[in-house]
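Please keep the sequence and the structure in view while reading.

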2 protein chains.
Amino acid sequence: MIDLLIRQVNALQLRDESAEIRLGCDIAVSGNRIKSISPSGAIDVSQARTVIEAGGQLAMPGFINTHAHVPMVLWRGLGEDVNVESWFNDYIWKLEANLTPEDVYWGMQLGMLEMIEAGVTAVADHYWHMEYAARAVEKAGMRALLGQAMFSANGMGQIDETAAFVKRWHGAANGRIRAIMAPHAPYTCDDEFLRASARMAEQIGSGIHIHVAETRAQTQASLRQRGQTPIEVLEECGIFQVPTVLAHAVGATAGDLEILADLRLPLGIAHCPKTYAKLAMGYNNLVDLRALGISVGLGSDGAVSNNTLDLWEAMRLTALGQKQLTGDAEKLTIPQALTIATSESARVYGQPDELGDLAPGKLADIILVDLSGAHHYPLNSVTASLVYNARASDVRTVICDGQVIMREREHLTLDRAEIIAHIEPRLQRLRRREGADGIQTYNP
Amino acid sequence: MIDLLIRQVNALQLRDESAEIRLGCDIAVSGNRIKSISPSGAIDVSQARTVIEAGGQLAMPGFINTHAHVPMVLWRGLGEDVNVESWFNDYIWKLEANLTPEDVYWGMQLGMLEMIEAGVTAVADHYWHMEYAARAVEKAGMRALLGQAMFSANGMGQIDETAAFVKRWHGAANGRIRAIMAPHAPYTCDDEFLRASARMAEQIGSGIHIHVAETRAQTQASLRQRGQTPIEVLEECGIFQVPTVLAHAVGATAGDLEILADLRLPLGIAHCPKTYAKLAMGYNNLVDLRALGISVGLGSDGAVSNNTLDLWEAMRLTALGQKQLTGDAEKLTIPQALTIATSESARVYGQPDELGDLAPGKLADIILVDLSGAHHYPLNSVTASLVYNARASDVRTVICDGQVIMREREHLTLDRAEIIAHIEPRLQRLRRREGADGIQTYNP
């Protein structure tokens with residue numbers, strides 16, 4: 001039996017950094033996995049429980065957001081046109097002093113509402129009150145890798161607590177939810193804390209999601225204070241003994257990249273170009289990173305820096321930014337941008353064999369994109385249109401883990417009116433900065 | 001009598017680089033001009049011929065595209081991941097050998113379809129067969145400043161021909177159409193040709209729209225070959241004796257900027273950041289330019305480099321790009337980005353007193369934008385949302401010269417099906433590159 005049959009799609013297929021469009025296919029889904037991709041018409045419609053007539057829409061893997069702080073959507077538009085120091089100390093860490101668990105529950109839903117509309121089916125989220133985030137993910141039908149943020153200033157007790165969170169939620173919701181240890185960063189977690197986090201991750205078979213070397217200034221400060229780069233600190237503390245998601249690493253040195261390239265364990269860098277440009281952090285040279293075999297995934301970071309959680313933007317800014325950075329228009333090609341957005345993001349997210357590819361046996365996280373708009377016509381190159389023309393509003397239907405969660409832009413899991421009704425009364429309190437003590441001070 | 005009354009808008013108002021949102025207004029339009037902006041409800045609805053109930057949408061001036069080659073949308077997606085030399089010699093100038101006047105008529109309509117959907121109400125277009133472009137603009141109801149491109153290799157006769165075009169079309173369609181002399185660039189027009197163009201522009205009371213110093217390599221080549229920068233060449237040839245739209249000027253030297261700053265006549269630079277990133281051309285430092293009093297407008301350039309004609313993208317990339325370039329997140333603020341997109345683009349376009357501002361007496365080029373989407377919520381900052389969150393698909397209604405040309409995303413002037421029906425049979429011929437001699441060779 002086929003649970004879901006998606007008829008008449010053109011399917012994006014990426015292999016070894018070449019991109020092809022397979023025209024006129026039907027995708028059959030059984031349970032939560034892709035069963036087959038075959039020429040349209042080959043499968044009897046009466047065999048399928050649910051049929052979607054896609055009418056020539058483009059099918060591609062759902063986007064995977066490899067680094068986010070989803071509930072920060074609650075504060076989007078606050079903290080504009082400021083430098084990194086002010087952004088942390090005058091805005092974020094004061095605003096976050098207001099945060100309640102219920103804010104996370106509703107803010108997570110709001111951010112997922114936006115992500116689902118943009119075709120994002122999975123998110124590696126690094127934030128607070130993640131028990132509440134997990135419940136929201138359960139409801140939304142998205143896939144998530146959840147990490148409860150930790151500062152060493154809040155005590156060693158967090159390590160047991162977040163390990164308990166990992167054990168409770170890892171594998172929940174039919175495997176849609178995975179969990180990970182999430183010490184915040186080497187500048188907010190001391191060595192002892194990092195070591196204990198790594199040991200615990202190893203002990204419970206988990207990994208680490210951590211910010212590192214967000215800017216070159218952080219690397220310089222670390223060298224001054226500790227004689228080591230932030231990435232050397234992580235290495236020495238044993239973080240790289242477990243699978244690791246590194247957020248940013250913009251300030252990685254050539255030596256740091258050698259350390260990362262030599263590692264045997266799964267590790268990847270989440271690349272969040274809109275945030276990097278907006279906060280003037282500089283860009284990683286992804287051409288170099290990838291030549292070293294270091295995986296790169298797309299991330300949105302939080303919406304106070306990134307303003308949206310839109311990975312079409314992240315993919316486009318990745319391609320444009322690398323051409324600009326290298327001064328070479330032939331660099332970071334369209335197939336490479338699409339590879340980063342799909343299979344390579346799946347690798348950073350920790351499910352390289354299950355996500356980021358439309359193929360039999362893979363998990364059925366599929367989005368259907370309408371490329372018939374005036375901004376795509378004539379469709380001389382489907383792959384160019386995906387990287388340089390497509391907008392979140394072109395996404396029509398979103399399938400995650402075999403379930404349709406948005407159909408022709410209608411949400412089937414989340415209730416927009418309910419979410420707004422719960423957030424609206426919170427906003428005045430959430431926006432308060434006056435008199436608040438920040439939850440931390442940024443002084444790396 | 002009021003011809004058009006737009007009720008219940010929040011109106012974007014920019015003054016001296018500060019941005020305010022005037023809540024709950026009604027905008028009254030008489031003929032092609034804004035008559036009043038008043039608190040909602042103050043005007044009797046029965047006084048108005050047409051009423052739009054905007055229900056809290058955001059009203060702002062239509063975007064002004066200060067540099068484009070609109071009919072190139074026909075080739076979008078061809079010419080990807082190549083450097084500037086290959087882009088010209090292997091793609092554009094071979095493809096353009098296929099171009100017919102009717103291609104321009106339909107390609108222009110296609111590009112305007114896209115621009116209207118994105119809230120662009122005016123375009124400075126620099127292209128071929130502009131008689132046909134003008135007829136398309138007449139039909140679309142958009143505003144355009146049209147220049148017939150000239151290479152000196154095609155002979156001095158073009159100067160009289162394009163002057164005749166200017167005289168025939170300048171002021172047509174109730175003033176929506178203006179025309180300008182358009183020598184291509186100093187590397188495709190010799191000094192004699194440039195001088196004759198400038199003299200003719202002066203004689204007929206017109207201006208010049210020209211590409212200059214597109215890359216730093218062009219400036220270096222010009223210095224090697226002629227001992228002058230491209231901008232010095234234009235100055236010496238008298239171009240700056242008339243109002244001038246300079247496309248790009250990315251390769252302008254510090255000395256060039258002094259020349260431009262010292263000029264008394266209207267002059268502005270069209271800034272096309274998506275194209276610059278895509279072709280690895282580098283960015284202008286707009287902070288420096290603007291400090292010198294040089295006006296900067298947004299441009300899309302052609303869709304073979306820019307892929308879309310979307311100025312939301314151009315505005316966003318302008319802000320992000322300048323923060324990245326200067327390494328200072330406080331630079332190119334939200335109000336500055338909005339000023340560049342509105343009144344400053346109007347200045348570059350040559351109608352600073354009539355466009356780019358919602359105020360009584362100005363021409364009624366107004367767009368209504370829906371900011372209720374999940375990607376804007378909560379709307380903590382309307383102006384931040386315009387620069388960093390809004391998408392072309394958020395534009396609901398477009399008014400140009402007092403006429404509604406798109407209402408709730410329904411086109412009222414252009415016929416999408418008709419346009420596609422006319423373009424589809426042309427595509428195979430248009431895409432041909434094999435065996436074609438290019439219309440020029442790029443070798444600056």
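At roughly what angle do the axes of helix H2 and helix H3 of chain B cross? In this predicted model, the axes of helix H2 (residues 101–117) and helix H3 (residues 130–140) of chain B come within 8 Å, and the angle at which they cross is roughly 35 degrees. The crossing of H2(B) with H3(B) is right-handed.

On the side of H2(B), the residues that take part are B:Pro101, B:Glu102, B:Val104, B:Tyr105, B:Met108, B:Gln109 and B:Met112, and they meet B:Tyr132, B:Ala133, B:Arg135, B:Ala136 and B:Ala140 of H3(B).

## How the chains meet

Chain A and chain B touch through 50 residues of chain A and 50 residues of chain B. On the side of chain A, the elements that give two or more residues are helix H2 (101–117), helix H9 (273–278), helix H12 (311–326), helix H14 (382–388) and helix H15 (416–423) of chain A. The residues on this side of chain A comprise 22 nonpolar, 14 polar and 14 charged.

Chain A can be superposed on chain B by a rotation of 180 degrees with 0.0 Å of shift along the axis, and the RMSD is then 0.0 Å. The two copies are therefore related as by a two-fold rotation axis. In chain A, the C-alpha nearest this axis belongs to A:Ser393, at 3.3 Å from it. Both copies use the same surface, since 100% of the contact residues of chain A recur in chain B.

## The nonpolar core

The largest nonpolar core has 312 residues, and those with the most contacts inside it are A:Ala59, B:Ile27 and B:Ala59. When residues up to four places away in sequence are not counted, B:Ala59 touches several residues, among them B:Ile6, B:Val9, B:Leu12, B:Ile27, B:Leu358 and B:Ile366.

## Surroundings of two residues

B:Lys94 belongs to helix H1 (residues 84–95) of chain B, and it counts as partly exposed because it has 19 C-beta neighbours inside 10 Å. Although B:Lys94 and B:Glu434 are 340 residues apart along the chain, their C-alpha atoms are separated by 8.4 Å. Not counting residues up to four places away in sequence, B:Lys94 touches B:Arg433, B:Ala436 and B:Gly438.

B:Gly141 lies in the loop between H3 and strand S7 (143–150) of chain B. With 25 other C-beta atoms within 10 Å, B:Gly141 is buried, and, leaving aside neighbours within four places in sequence, B:Gly141 is in contact with B:Cys400, B:Gln403, B:Ile405 and B:Thr413.

## Backbone details

Where does a cis peptide bond occur in chain B? One joins B:Tyr377 and B:Pro378, with omega about -10 degrees, and B:Pro378 is in the loop between strand S13 (366–369) and helix H14 (382–388) of chain B. In chain A, the peptide bond from A:Tyr377 to A:Pro378 is cis, with omega near -10 degrees.

Two residues other than glycine have a positive phi: B:His129, near 55 degrees, and B:Ala213, near 45 degrees. B:His129 is in the loop between strand S6 (120–127) and H3 of chain B, and with 19 C-beta neighbours inside 10 Å it counts as partly exposed. B:Ala213, in the loop between strand S9 (208–212) and helix H6 (216–226) of chain B, counts as buried because it has 30 C-beta neighbours inside 10 Å.

Technical notes
Residues numbered from 1 in each chain as written. Chains lettered and ligands numbered in written order. Predicted model: local features only at pLDDT ≥ 70, side-chain atom pairs only at ≥ 80, totals over all residues. Axes fitted to C-alpha atoms, helices over the stretch in contact; angles between N-to-C directions. Helix = DSSP H or I, 4+ residues; strand = E, 2+ residues; numbered from the N terminus. Left-handed = near helix turned anticlockwise from the far one by under 90°. Contact = placed C-beta atoms within 7 Å. Nonpolar A, V, L, I, M, F, W, Y, C, P; charged D, E, K, R; others polar. Core = buried A, V, L, I, M, F, W, Y, C linked by C-beta atoms within 7 Å. Buried ≥ 20, exposed ≤ 12 C-beta atoms within 10 Å, placed from the backbone. Least-squares fit on C-alpha atoms with pLDDT ≥ 70 in both.
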